[in-house]
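Open the structure in a viewer and keep the sequence panel beside it. The stops below say what to select and what is found there.

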Amino acid sequence: MAFDYTIKYKSNNTYENPVFEAYWQFMIIPENNVSQKLVFSDFKTSVNARIEKSINGYNFQTARIHCKQPFADIQFEAEFKLTKEEINPFQFTSKLEPSQEFEAINSLNFKVEHESYLTPTELTKLPSKHIDLYKFDPSISILDNLVALNKWTYLYIYFKAGVTHIGSLLNEIIEHRHGVCQDFSHLFIAIARQNNIPARYVSGYLHQGDGFFGDSQMHAWAEAYIPEVGWVGFDPANDILADHNHIKVSHGKDYNDCSPIKGVIYSTGKNETQHSVEVTYEQ
Amino acid sequence: MKSKFTNPLFSSYIKNEGLFDEIFDDNKKVRKTYKKIFELYRDHSNSDYAALNEKAKAAFFNQGITFQVYRDSQTQEKIFPFDLFPRIIEAKEWKTIEKGALQRSKALNAFLWDLYHDKQIIKAGIVPMELISSSANYLRQMQDLDPPGGIYNHISGTDLIKHSDGNYYVLEDNIRCPSGVSYVICNRNALKRALFGVFNHYQIHNVTNYAENLLEIMESVKPHGVDIPTCAVITPGIYNSAYYEHSYLAKTMGIELVEGRDLFVENDFVYMKTITGPKKVDVIYRRIDDGFIDPLEFRQDSAIGVPGLFAAYKKGNVSLVNAPGTGVADDKAIYTYMPEIIKFYLGEKPILNNVHTYHCSRPDDLKYVLENVDKLVVKPVDEAGGYGISIGNKLTKEEIENVKTVVKENPRKYIAQPIMSLSVHATYIEDSNSFEQRHIDLRTFTLLGNNKEFVLKGGLTRVALQKGNLIVNSSQGGGSKDTWVLKK
C-alpha cells in the first residue's frame with residue numbers, strides 16, 4: 001500500500017539589527033530511498049535571493065540561500081510531495097542465529113566498515129559512570145535486543161519539550177530522564193554503539209495522525225545495522241519501528257550532521273527562529 | 001673540552017664531544033665540503049660579521065619577512081633570525097634525502113587514499129582503527145571522494161635531523177599546511193646579498209624554481225573540463241603567523257592572494273570578487289585549516305572560510321591543495337607506523353630512518369615510558385609548533401611527576417621517543433660576536449601532482465638559537481640558515 005504525503009515546512013527568522021549578508025543551508029528535503037520517492041518540491045523565500053540546491057558533506061540534498069541585501073527578517077517555505085510505501089517489519093528478521101550475529105559484528109572488517117556509526121561522538125558518548133547502563137543479551141537476536149532497547153529508552157526518558165537543547169549531553173539526559181526526540185535518539189544510539197551495533201541518527205518528518213510523540217517541527221529517530229539485514233529504523237520517542245509515518249531526510253553520526261538549518265549571518269544582536277511543519281497524507 | 005681554531009671568529013667555538021658537528025670532524029679538522037667556505041670566511045673580521053648580521057636583519061625586517069608568535073601575552077611580529085653561515089649538503093647525501101622524502105610523500109598519499117576508500121591497511125590489522133577514528137583530523141566527509149589526480153598531500157614538509165651516528169632520521173611529516181618554504185628562498189637571497197663571493201666557489205642547486213613547480217602542480221590537479229585553470233592562494237589573513245609566506249607564494253606564482261570574504265560560492269562554483277566582476281576560481285592553495293574552510297560544513301564559527309566551498313569541492317568544481325582530511329596522516333602516532341605504511345603500499349624498505357617511538361596507548365610502551373620519562377622526549381600526538389613537548393633530561397623531579405600524570409590521564413594523546421641528539425652547526429651568536437655550536441634540523445619540501453613530482457633541492461635548516469635547546473621551531477625562538485645542495 002502506498003501513501004501520498006504533502007509536507008509544508010515554514011521557517012521564520014527575525015533579527016534585532018539588520019543583516020547585511022547571510023547564508024542559510026536547509027537540510028529538509030526528503031531523500032529518495034527504497035520506501036520513499038520525492039515527486040515534487042518547491043521553495044519560496046521572502047528575501048531577494050536565489051534558492052540553490054546543493055549537497056552537504058555526506059551527499060544529502062540541501063537548499064541554500066545567499067542573501068546580499070540588508071533585511072531584518074526572512075521567511076522560508078518549502079513544500080514537498082512524495083509517495084511512501086508501507087514498511088513490512090517482518091523483513092528485518094535475520095536468518096542468522098544470535099551467536100552468528102554477534103560473531104559477525106565482532107569481526108574486524110565489520111568494525112572497519114561501520115566505523116563512523118560505532119565511534120561515540122560528543123553527543124552520543126555515554127558518561128563513564130553510566131557506561132553499563134544497558135547491556136545486550138547475547139542469547140536473543142540483535143533485532144530483539146534493539147526492540148527491547150527501543151522500549152527501554154521510551155520508558156527511561158519522559159518526553160518533555162523545552163528542558164533540553166540541541167547541545168545537551170547524555171549525562172544530563174540520563175540523570176534528569178527527560179528530553180525530546182533528539183535526546184531519545186542520542187541515548188538509543190549511544191547504547192547500541194556501546195554494545196557494538198552500528199547506529200545512526202536520522203532526521204525527518206513524522207506524520208502525527210495517530211497521536212505520536214514528536215512535535216510540529218522536525219522529528220528524529222535512529223537506525224541500527226543488523227548483519228545480513230541492513231539498516232532498520234527505530235523511533236524510541238514512540239516505542240515503534242520506523243514505518244510509513246516516518247519520512248526520512250538525512251542521517252549522520254548525531255544531530256550535528258543533520259541539523260536542518262545552518263546559517264552564517266553577518267549581523268549583531270539577537271535573533272529568533274521559528275519553524276513549523278505540517279504533514280498530511282492521502283491513501 | 002675547549003679548543004682553539006685559527007679563525008678568530010671561531011675562538012670561542014667549543015666542540016662538544018658526542019655531538020655530530022657538521023663542520024668539524026672528530027679530529028677537529030674542517031670537513032672537506034666546508035673547507036673552502038671556511039677559508040673564505042676567515043678573510044672577514046668579527047666586526048665585519050657583526051655589520052653583515054645587522055644588515056641582513058634590517059633587510060628581512062624591511063621586506064616584512066616576519067612571523068608571529070602565539071601564546072605570548074602580547075602577540076608580536078618578529079623576524080625569523082637568519083644565520084650567515086650556510087649549511088651544505090653533499091650531492092650523494094642529498095640523493096638519499098630526496099628519494100626518501102619522495103618515498104614518504106607517495107606512501108602517505110597512498111595511505112590517505114586507502115583511509116578514505118577501502119581501508120585495507122586497517123582491515124589487514126597493520127594500523128589500528130582506533131588511531132584513525134579517534135583522530136580529530138579524520139574527515140568522514142572525504143569517504144569515497146576521489147580528489148583530482150588521486151592526490152591528497154600535494155605539498156609535504158618532511159622534518160629530518162642528523163643524529164650523532166651521522167645518519168638522517170625523520171622526526172615528522174607535515175602534510176597539513178607545511179610552512180617555511182618562503183624562508184628557504186629569502187635566505188638564499190639574503191646570503192647572496194651579504195656574501196656574494198662565496199657562491200663563486202660552489203656549484204649549488206637553485207631554489208627559486210619552487211614557485212613555478214608549485215603552480216604546475218596546482219594546475220595539474222585542475223577540475224575536469226577546465227582548460228586553463230585560475231588558481232589562487234587563500235590565507236586566514238594578516239594576523240596569521242605565516243602571512244608573509246602566503247603573500248610571497250601568491251606573488252611569485254603570479255596568482256591572487258585571497259581571504260575568505262573575497263570568495264563566494266554560487267551553484268557550487270567558486271568565484272572571486274574582482275573589480276571587473278566575479279571570476280571563477282578552479283584551484284585553491286588553501287592555507288586555512290580543514291575545520292575553518294567552510295562554516296556550512298565544518299566549524300560554524302569560522303569567519304575566515306567560504307560558505308559552500310566544501311560542496312563545490314565535493315562536486316569536483318574546485319580543487320583544494322592540500323586536500324581536506326590530510327591531517328589524519330599528519331599525526332605523531334601515525335608517524336610511528338611509517339615503515340609499515342611504506343612497505344604496505346610501495347613494497348619498499350624505508351629509505352629514511354624513523355626514530356623509534358613508544359605509543360603510550362600500548363600498555364607495555366606506557367609502562368616503559370612512565371618508568372623512563374627522564375630519558376625520553378614525550379610529545380602530544382596532535383600539536384604543532386613544538387608546543388607541549390617535554391624533554392626528559394631537562395626536567396626537574398616535580399616536572400617528571402607532572403608529565404607522568406598527564407600521560408596517564410590520556411595515553412592515546414602521547415608518544416615518546418629516545419632523546420635524539422641533533423647535529424650542530426657553526427652559528428653566529430650576537431651576544432658573543434662569534435660562531436658557536438647550535439643544534440639544527442632540516443625541513444624538505446616535496447610536491448605531488450597529477451603525474452608530476454618535485455622535491456625542492458634545498459630546504460629550511462632551522463637553528464635552535466638558545467644554547468643546548470633541542471626544539472628548533474620558529475615559534476620557540478629558532479632561526480634558520482641558507483641550505484645548499486651541491487650539484488656534485
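Which residues have the most contacts inside the largest nonpolar core? Select V270(B), I284(B), V378(B) and A416(B): these hold that place in a core of 123 residues. The model is a predicted one.

**The core in chain B**

Next colour chain B by its domain assignment, which gives domain 1 as 224-317 and domain 2 as 356-418. The core draws at least three residues from each of domain 1 and domain 2 of chain B. The C-alpha centres of these two domains of chain B lie 38 Å apart.

Centre on V270(B) and show its neighbours. Leaving out residues up to four places away in sequence, V270(B) touches L263(B), V265(B), K280(B), V281(B), V306(B), L309(B), A312(B) and V318(B).

**A sheet and the helix on it**

Switch to cartoon and find the open sheet of 4 strands in chain B, ordered β7-β6-β11-β12 with parallel pairing. At its edges are β7 (256-258) and β12 (319-321) of chain B, each of which pairs on one side only. From one strand to the next, the twist averages 30 degrees.

Zoom in on strand β6 of chain B, residues 231-234, which is joined to β7(B) by 3 bridges, the two running parallel. Here I234(B) stands opposite V258(B) of β7(B). Helix α8(B) packs on the sheet and touches β6 and β7 of chain B; the direction of α8(B) makes about 150 degrees with that of β7(B).

Now select α8(B) itself, residues 243-253. Because 8 of its 11 residues are buried, α8(B) is largely enclosed by the rest of the structure. The buried residues are Y243(B), Y244(B), E245(B), H246(B), Y248(B), L249(B), A250(B) and M253(B). After α8(B) comes G254(B), with a positive phi near 75 degrees.

**Where the chains meet**

Show both chains and select the contact, to which chain A gives 18 residues and chain B gives 19 residues. On the side of chain A that touches chain B, at least two residues come from each of β2 (21-26), β4 (51-55), α2 (108-113) and β14 (261-266) of chain A. The largest share of that side, 4 residues, comes from α2(A). By type, the residues on this side of chain A are 6 nonpolar, 7 polar and 5 charged.

Definitions and conventions:
Residues numbered from 1 in each chain as written. Chains lettered and ligands numbered in written order. Predicted model: local features only at pLDDT ≥ 70, side-chain atom pairs only at ≥ 80, totals over all residues. Buried ≥ 20, exposed ≤ 12 C-beta atoms within 10 Å, placed from the backbone. Pairing = 2+ DSSP bridges. Axes fitted to C-alpha atoms, helices over the stretch in contact; angles between N-to-C directions. Contact = placed C-beta atoms within 7 Å. Domains from an automatic or database assignment. Nonpolar A, V, L, I, M, F, W, Y, C, P; charged D, E, K, R; others polar. Core = buried A, V, L, I, M, F, W, Y, C linked by C-beta atoms within 7 Å.
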